[in-house]
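Me: I've got a predicted model open here and want to talk through what holds its parts together. Can you take my questions one by one?

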Amino acid sequence: GESNIGLKLIRDLLVKKGVDNVVLYPETPILVTELENDTWKTRYLKELHEIIQDEENTVLGFSVATDNYQLALDMANITRQELPKLKIVGGGPHFRRQEIVKDGTHYFDTVFMALMMKTENGANIFDAIFYGGADSFIKYVISDGKTDFPGIYTKNRDTGIGTKGKGKSSMPKVSSIPIRFKKVNDRWGEINLILQDTCPNMCGYCAIMKHNREIDVQAYADAVEEVSKEVNAVLIRVRDSCALKRDDLEPYESFFAELKRRKIRSVKGLYLDPQDFVAEERYRRRFDFLNRYGVHNLFFGRDCVDANVAKKIGRNYAYHNGEKCVRRVRTQEDLDNEKETLTWLIHDLKSERFNLDFLNMFVSYISTPFETYESQRIMIDEAEEFHNMTNGKYLITVEFFTLAPYPGTLVKRRFAHLIDNPILFGSHTAHWNNWSYDLGPQVYFMDAIFEVNRQFKSKEEKLPGYFDAMRKALDDAYEGRLQKKVWHERR
């Protein structure tokens, strides 16, 4: 619980409203090994009974991303059977209102499906589902369970099916600064924070719920300075989904300058859009920024190499033209320029112009069912080129993901009829391949991506043979040598 920045913010807001008994759970993460052998259930029930002293006057809220939806549903199901009088609610980015009808088939959304879930005894698992920001959840708690606020949905008691509620909840105004600090050892600590989680690109496969907010640079710097006293230096990961979008580079310029003024020893990490570096003047400003403030960890979402795929999945680019934000799908020229720009950037970062003694760069790609053999091969070959630019203190890591039909996205709305299990939401993530084999050999290759990644577990080194194994899997898929898998094996 303490590792979730959003939950820490909600707790602080509830405490300020007079709710003094707020517990973030679990205190320590539930391990993969616990999930695999179901030992988490024993631990969870034991800890739950220790925490909950007043069943009727307790709200148990689950913060749900699509990746953890199935676990959250299992936990809520167990809790309802164990503590039937508890108020159990769900919120977070997984829950979206999205009506989809394709060829006469209605595809239910995540809010509807969650409210329809029952225990073996027929009891409703969730009392309410929250859509949007946390404002309505806070009002729900302090009003003792009133549900007439925007973004709160309940089951329609009159009909027994369907939902009751309307609108979307807003983000509450905040004065506290949510950061996540982890002490790695006596010398190093790691800080995760969000300055401005908004991205005007609005790509068709992006599931992040973005909220634009003004930040108090001094307050953020105070929070970082306070926790950094415990160690000699800190790694600061800014978790904004797309940093340095604006030409004035705010709010990052102000925040990093303040850290530098206070002489806080740190290295920084940012998530970046390669298209923001393409134009010469924009490249120069951003390169100088990375150099000036010691940004050692760069995460680039390359994602797509083919314009036809970009159009299908909504790989957009947005930029400011005066006061107006202009958004368009990336062209082939855009995508080709991104590759050239990243190549030049790596050369410049490794040169004497860049004053850092080490660098970690991560470049991600998304394989989709809409690739051709040629576009997928270009993606693999390009990733190998970038990886081979690694040397000594400069590490270039590449990773292949599969296109996920996350709830609420354009991809889900356009292609719901092409998903094997359209309402099995727990598998609608980048860790599964949920696309129908009817789409052809590319879907078979997407299955193989997981197998190759398991075979070569070292993401940093990409052991010899990794890219050859990817190319072999691609050839096998398009020459009909790969077999269909049952759904639970496609991950």
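Me: How many disulfides does the count come to?
Reply: Keep in mind that this is a predicted model. A disulfide needs two cysteine sulfur atoms within 2.5 Å. By that rule, the count comes to zero disulfides.

Me: Which cysteine sulfur is nearest to that of Cys-199, and how far away is it?
Reply: Cys-199 is in no disulfide. It counts as buried, at 11% relative accessibility. The nearest cysteine sulfur belongs to Cys-242, and the distance is 4.1 Å.

Me: And Cys-203, how far is its sulfur from the closest cysteine sulfur?
Reply: Cys-203 is buried too, with a relative accessible area of 12%. Its closest cysteine sulfur is in Cys-199, but that is too far for a bond. The gap is 6.3 Å.

Me: On to the sheet: which strands stand at its edges?
Reply: The sheet is open, has five strands with mixed pairing, and runs in the order E1-E2-E5-E6-E7. An edge strand has a single partner, so one of its sides is left without a neighbour in the sheet.

Me: What stands opposite Ser-63 in E2?
Reply: Strands of a sheet pair through backbone hydrogen bonds, either parallel or antiparallel. E1 and E2 (residues 87-91) go for the parallel sense, over five bridges. Opposite Ser-63 you'll find Gly-91.

Me: How far apart are the end C-alpha atoms of helix H14?
Reply: H14 covers residues 441-455, which makes 15 residues. At 1.5 Å a residue they should span 21 Å, and the model agrees with that. The end C-alpha atoms are 21 Å apart.

Me: What do the buried residues of H14 pack against?
Reply: Eleven of the 15 residues are buried, so H14 is largely enclosed by the rest of the structure. Among them are Gln-442, Tyr-444, Phe-445 and Asn-453. Their packing partners are strand E15 (359-367), helix H12 (373-387), strand E16 (394-402) and helix H15 (466-478).

Me: Which residues is Gln-376 in contact with, leaving aside its neighbours within four places in sequence?
Reply: Gln-376 is found in helix H12. It's buried, with a relative accessible area of 0%. Its contacts are Ser-367, Glu-371, Gln-442, Phe-445 and Leu-474.

Me: Now the aromatics: are the rings of Phe-277 and Tyr-283 stacked or edge-to-face?
Reply: The model's count comes to 26 aromatic pairs. In this one, the ring centres are 6.5 Å apart and the planes are at 85°. Planes over 60 degrees apart make a pair edge-to-face, so Phe-277 and Tyr-283 are edge-to-face.

Me: How many residues apart are Phe-299 and Phe-362?
Reply: Their ring centres are 6.2 Å apart with the planes at 45°, so the pair is tilted. Phe-299 counts as buried at 17% relative accessibility, while Phe-362 counts as partly exposed at 22%. The pair links distant parts of the chain, with Phe-299 in strand E12 (residues 295-303) and Phe-362 in strand E15.

Me: Which residue lies over the face of Phe-256?
Reply: Phe-256 is part of an aromatic cluster with Tyr-220, Phe-255, Phe-289 and Tyr-293. The residue over its face is 5.7 Å from the ring centre. That residue is Lys-268.

Me: And how far is the charged end of Arg-353 from the centre of the Phe-287 ring?
Reply: The charged end of Arg-353 sits over that ring. To count, the CZ of Arg has to be within 6 Å of the ring centre. Here the distance is 4.6 Å.

Conventions
Residues are numbered from 1 along each chain as its sequence is written. This is a predicted model: local features need pLDDT of at least 70, side-chain atom pairs count only at pLDDT 80 or more; totals for chains, interfaces and linings use all residues. Side-chain values use heavy atoms; hydrogens and water are left out. Two strands pair if DSSP finds at least two bridges between them. Helices (H or I, at least four residues) and strands (E, at least two) are DSSP runs, numbered from the N terminus. The expected span of a helix is 1.5 Å times one less than its number of residues. Buried means under 20% relative accessible area, exposed over 50%, partly exposed in between (1.4 Å probe, protein chains only). Contact means heavy atoms within 4.5 Å. Rings of Phe, Tyr and Trp (its six-membered ring) pair if their centres lie within 6.5 Å; planes under 30 degrees apart count as stacked, over 60 as edge-to-face and the rest as tilted. A charge sits over a ring if NZ of Lys or CZ of Arg is within 6 Å of the ring centre and within 35 degrees of the ring normal.
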